Amino acid sequence: MSEIETGETRALQLPLTDEVIKSLRAGDMVEISGIMYTGRDAAHLRFKQALERGESLPVELAGQLIYYVGPSPARPGTVIGAAGPTTASRMDIYTPQLLALGLKAMIGKGRRSEAVQKALQQYTAVYFGAVGGLGILLSHSIKKAEVVAYPDLGPEAVFRLTVENFPAIVLNDCYGGDLYTQTAQEWALPAS
Amino acid sequence: MRTIDVNLVREAVAELCQKANYELPEDFVAALRTAREKEVSAQGRRVLTLLDQNQAEARKVQMPTCQDTGFVLVFVNVGQEVHLIGGDLYQAINAGVGEGYRSGYLRPSIVQDPLFNRANTGDNTPAVIHTRLVPGDQLTLQVLVKGAGSENCTRLAMLTPAQGILALKAFVVETVKLAGPNACPPLVVCVGVGGTADRALLLAKEASLRSVGAPHPEPLVAELEQELLELVNATGIGPQGYGGRTTALACHIERAATHIASLPVAVNLQCHAVRHQEISL
């Protein structure tokens, strides 16, 4: 994807097994292929409300990956519009419950809460980062997109995406590793 | 007296909304490329290269660079000698936003009611509109498209005069650190100083309309901008928070008169999707 040397990129096939998740470390570069689901603020709120009412979720999340994205509309003849990640921390409040239900992975951007990082360890799950604002290039990895729940939410509906070689980096692994903490320690200059 | 039909405003706003989302300004692209040449972190260079490729592709295929096609802010400078005809100016602006977003395949991201029923309005209206009367017979429209990832990192400090510039610097750096990767660095750090609380926030927003990295015309301010930029880049957050020397491409400061008891400082972070366009009618 780029001529710059930043280490090896590993191909990952969805759904992710615990064995694969345990082999991932913060900072690993990956390319993800398979089926994933989208979900952001409004869909997560509806997940929570459904669970509170004792209902099952409109999609089975056990073993799955949620990509935090609200794509822009597709131009005719294209699969999807711009489709980069949104800030994950807004979903932090919902995430431990979904991980307890078997959710295995998320793609977003930005930091996660301590509670989420602990839940990643407890339930053997992983949080990937995609480059924020890389809407067009990331959309090229999305080969199919269909709304599977909450169509009234428009861009916040739940889409089922078929992706090929979607580029991401491990931000939080299942051992408490956090790329942002590592890089901040590595790159911060002494206060001037 | 010059007569301007608000339908011209509507058409112009629709076009500016699309152009802002599809084509990032040349000055920003130049700053991005300069930063890429200087960046010493491999991950940082990788991200900056990808962002340049992404903006070039968006321009080519006329698609938005980022799926968060933002909140539309319209700054309207109306010449005192302009007579507006053809209807309500604000309705025309919002009609332009709706048209631009619907026909341009831009994401509607606005809910009418922030509290009780967060239903999407479907066409990204209403815009936030700031109108100012100015001398002359021109009407100038500046459209700024602002994503929520960076907007959500906005902070305001009502500092005291005794705390001064030292506290301002600390507050700006603290804001960038708190935002970290969430605001989508490389940033343009926009700072509004003075006025009342609301004025400081508006100044900070207006600071993002400047050409990226064009130093402030007053040397003292330009010097402070440079110093803040170096402090922000010393954090090591880097492009996307993956580590590096380019946490920000520029720092822009705007000032206004303030009260003898006040030193308001507002920080409004601009993500790397710098999106603004303007036209004079």
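**Sheets, helices and cores of a predicted model**

The model is a predicted one.

Strands of a sheet pair through backbone hydrogen bonds, in either the parallel or the antiparallel sense.

Helix H8 (residues 219-233) of chain B has 15 residues and spans 21 Å from its first C-alpha to its last, close to the 21 Å expected at 1.5 Å a residue. Its buried residues are B:Leu224, B:Glu225, B:Leu228, B:Leu229, B:Leu231, B:Val232 and B:Asn233. The buried residues of H8(B) pack against helix H6 (164-179), strand E7 (187-195) and strand E8 (248-258) of chain B.

The next topic is the nonpolar core. The largest nonpolar core has 103 residues, and A:Phe128, B:Val189 and B:Val191 touch the most other members. Strand E7 (residues 158-172) of chain A gives the largest share of this core, 9 residues. Leaving out residues up to four places away in sequence, B:Val191 touches B:Val172, B:Ala204, B:Ala207, B:Cys251, B:His252, B:Ile253, B:Val265 and B:Val267. A second, separate core holds 26 residues, among them B:Ala12, B:Val13, B:Val78 and B:Val145. In soluble globular proteins, nonpolar side chains tend to be buried together.

Chain B has a further open sheet, in which 4 strands follow the order E4-E2-E5-E10 with mixed pairing. Its edges are strand E4 (128-134) and strand E10 (276-280) of chain B; each has a single partner strand, so one side of each is left without a neighbour in the sheet. Strand E2 (residues 71-79) of chain B runs parallel to E4(B) and is joined to E4(B) by 7 bridges. B:Leu73 stands opposite B:Val128 in E4(B). Helix H1 (residues 6-22) of chain B lies across E2, strand E5 (139-146) and E10 of chain B, at about 35° to E5(B).

Some backbone angles deserve a separate look. Most residues other than glycine have a negative phi, and most peptide bonds are trans. The loop between H6 and E7 of chain B holds B:Cys184, a residue other than glycine whose phi is positive, near 60°. Is B:Cys184 buried or exposed? With 20 or more other C-beta atoms within 10 Å as the cut-off for a buried residue, B:Cys184 counts as buried because it has 31 such atoms. B:Pro186 lies in the loop between H6 and E7 of chain B, and the peptide bond from B:Pro185 to B:Pro186 is cis, with omega near 10°.

B:Gln62 has a positive phi of about 55° although it is not a glycine. This residue is in the loop between helix H3 (42-61) and E2 of chain B. B:Gln62 has 14 other C-beta atoms within 10 Å and is partly exposed. In chain A, the peptide bond from A:Leu14 to A:Pro15 is cis, with omega near -5°. A:Pro15 is found in the loop between strand E1 (9-13) and helix H1 (18-23) of chain A.

What remains is the contact between the chains. How many residues does the contact take from chain A and from chain B? It takes 38 residues from chain A and 46 residues from chain B. On the side of chain A that touches chain B, helix H5 (135-139) and helix H6 (179-187) of chain A each supply at least two residues. H6(A) provides the largest share of that side, 5 residues. By class, the side of chain A that touches chain B consists of 17 nonpolar, 16 polar and 5 charged residues.

How values were computed: Residues are numbered from 1 along each chain as its sequence is written. Chains are lettered from A and ligands numbered from 1 in the order in which they are written. This is a predicted model: local features need pLDDT of at least 70, side-chain atom pairs count only at pLDDT 80 or more; totals for chains, interfaces and linings use all residues. Two residues are in contact if their C-beta atoms, placed from the backbone, lie within 7 Å. Ala, Val, Leu, Ile, Met, Phe, Trp, Tyr, Cys and Pro count as nonpolar, Asp, Glu, Lys and Arg as charged, and the others, Gly among them, as polar. A nonpolar core is a set of buried Ala, Val, Leu, Ile, Met, Phe, Trp, Tyr and Cys residues joined through C-beta atoms within 7 Å. A residue is buried if 20 or more other C-beta atoms lie within 10 Å of its own, exposed if 12 or fewer, and partly exposed in between; C-beta atoms are placed from the backbone. Two strands pair if DSSP finds at least two bridges between them. Axes are lines fitted to C-alpha atoms, for helices over the stretch in contact, and angles run from 0 to 180 degrees between N-to-C directions. The expected span of a helix is 1.5 Å times one less than its number of residues.
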